[in-house]
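Hello,

Here is the structure I promised to pass on to you. Have a look at it first, and then read my notes below.

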Amino acid sequence: MKRFTITRRQIAVTGLAALLGACSIIPKSGEPVRRPVETPTPMPSATALPDDQTHHRIALLVPMSGQNGAVGQSIANAATMALLDTDAGNLRITTYDTSGNARDAARRAIADGNKLILGPLMGDNVGAVLAEARPADVPLISFSNDAAIASPDVFVMGHIPEQSIRRSVQYARTQGARDFAVIAPEGEYGRRAEAALQGAVQSYGGRITGAERYARGNTSIMSAADRLRSRGGYDTVLIADSPRLAQQAGARVGGQDTRILGTELWSGEVAVTRAPALRGAIFSAVSDNRYRRFVDSYEARFGGQPYRISTLGYDAVLLALRVAQDWRVGRDFPTANLRDRGGFLGLDGAFRFQRDGVVERSFEVREIRDGEVAIVDAAPTRFED
């Protein structure tokens with residue numbers, strides 16, 4: 001079990017590898033533009049944390065080795081940055097490695113007196129962590145994007161694919177879209193995308209005229225597109241996959257009178273600007289305005305590029321710091337404060353937790369044009385209700 005303690009005076013510098021894995025139900029995307037430079041990892045702390053009456057103890061549970069270790073290390077680095085950038089002298093964050101045994105990591109975190117857990121990264125680790133955290137009344141802020149794992153003491157902070165689709169449908173309706181169809185991969189992600197489209201159309205109007213599924217990893221997406229086109233009856237098509245596959249399907253179902261919708265998987269992918277079939281397509285994602293500055297700062301400190309998901313580690317620390325204003329050291333974490341209807345502002349823009357514990361994020365709508373991705377409807381900077 002590896003354990004590293006970081007405060008504002010102690011930087012936990014960890015290496016980044018070249019493997020991306022954030023949530024098992026999401027099709028994997030590309031890796032960082034270049035391989036980050038490896039830097040030394042500090043030695044584990046002593047077997048017990050010192051008795052401390054001046055710091056709030058928070059555990060960061062992420063994989064620090066193995067298949068998803070690079071992502072976990074990037075999140076840990078981002079958490080360190082948040083401490084340094086805010087000069088947060090009242091927080092003590094200790095990182096616990098979940099790559100071997102997530103429940104054992106949680107057990108050690110609880111034994112060390114941590115009152116809040118940031119993590120885990122993988123949704124399928126939540127049950128193991130919760131088995132130790134719930135009896136101790138320690139809530140979780142998970143980095144997963146699986147809304148199904150949320151509960152009164154499990155808050156889901158990841159970028160929810162359904163919300164991206166809902167935002168795109170909302171905008172498309174204002175542009176005259178009425179008849180929607182979907183091409184989605186078999187499996188959990190495809191089912192979620194299709195259900196999200198159905199829910200959004202129910203909310204904003206229109207109708208669904210067709211749905212086709214395909215097996216990822218072969219040419220069946222083109223066959224699915226051909227089947228959909230043969231039936232017709234649509235003016236807008238959601239293609240719930242990466243730009244590489246979306247452009248294959250888009251070339252078959254698209255046309256002058258058809259609008260293509262993408263998903264959050266398109267965010268940061270330069271390939272979307274090079275695909276003629278995707279010109280005029282729209283998709284929704286969190287704003288990158290603050291992310292660009294974060295990348296510059298991260299590279300200066302750690303010598304390599306972060307994974308996109310690492311902003312969750314940074315924002316989770318900002319969130320804990322905000323709530324710590326009304327949190328007495330040694331007491332249980334004030335979980336109710338996480339449900340502030342006014343929300344919070346982080347690197348990824350405005351966000352808040354709904355009553356069910358699932359994050360609600362502010363998304364912007366982007367349109368693909370010749371050689372660029374343009375923002376056509378900015379993300380709201382605050383919640384009005």
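V359 in strand 14 is the bridge partner of F353. Helices and strands here are DSSP runs (H or I over at least four residues for helices, E over at least two for strands), numbered from the N terminus. Before going on, please note that this is a predicted model, in which local features need pLDDT of at least 70 and side-chain atom pairs count only at pLDDT 80 or more, while totals for chains, interfaces and linings use all residues. Residues are numbered from 1 along each chain as its sequence is written, and side-chain values use heavy atoms, with hydrogens and water left out.

Back to that pair: strand 13 (residues 349-353) and strand 14 are antiparallel and share three bridges; two strands count as paired if DSSP finds at least two bridges between them. They belong to an open sheet of three strands in the order 12-13-14, with antiparallel pairing. Strand 12 (344-346) and strand 14 (359-361) are the edges, and each has a single partner strand, so one side of each lacks a neighbour in the sheet. On average, neighbouring strands of this sheet are turned by 35° against each other, direction ignored. Helix 9 packs on the sheet and touches strand 12, strand 13 and strand 14, where contact means heavy atoms within 4.5 Å. The direction of helix 9 makes about 145° with that of strand 12; axes are lines fitted to C-alpha atoms, for helices over the stretch in contact, and angles run from 0 to 180 degrees between N-to-C directions.

**Helix 1 and its neighbours**

Residues making the contact include I75, A78 and M81 of helix 1 and Y314, V317 and L321 of helix 9.

Helix 1 also forms a right-handed β-α-β unit with strand 2 and strand 3; right-handed means that, with the strands pointing away from the viewer, the path from the first strand over the helix to the second runs clockwise. Strand 2 (residues 56-62) and strand 3 run parallel and are joined by seven bridges.

**Loops worth a look**

Most residues other than glycine have a negative phi, and most peptide bonds are trans. D87, in the loop between helix 1 and strand 3, has a positive phi near 55°. D137 has a positive phi too, near 60°, and is exposed, with a relative accessible area of 51%. The peptide bond from G119 to P120 is cis, with omega near 0°.

**The whole chain**

There are nine helices and 16 strands in the chain, and buried residues make up 55% of its 385 residues.

Best wishes

Methods: Buried means under 20% relative accessible area, exposed over 50%, partly exposed in between (1.4 Å probe, protein chains only).
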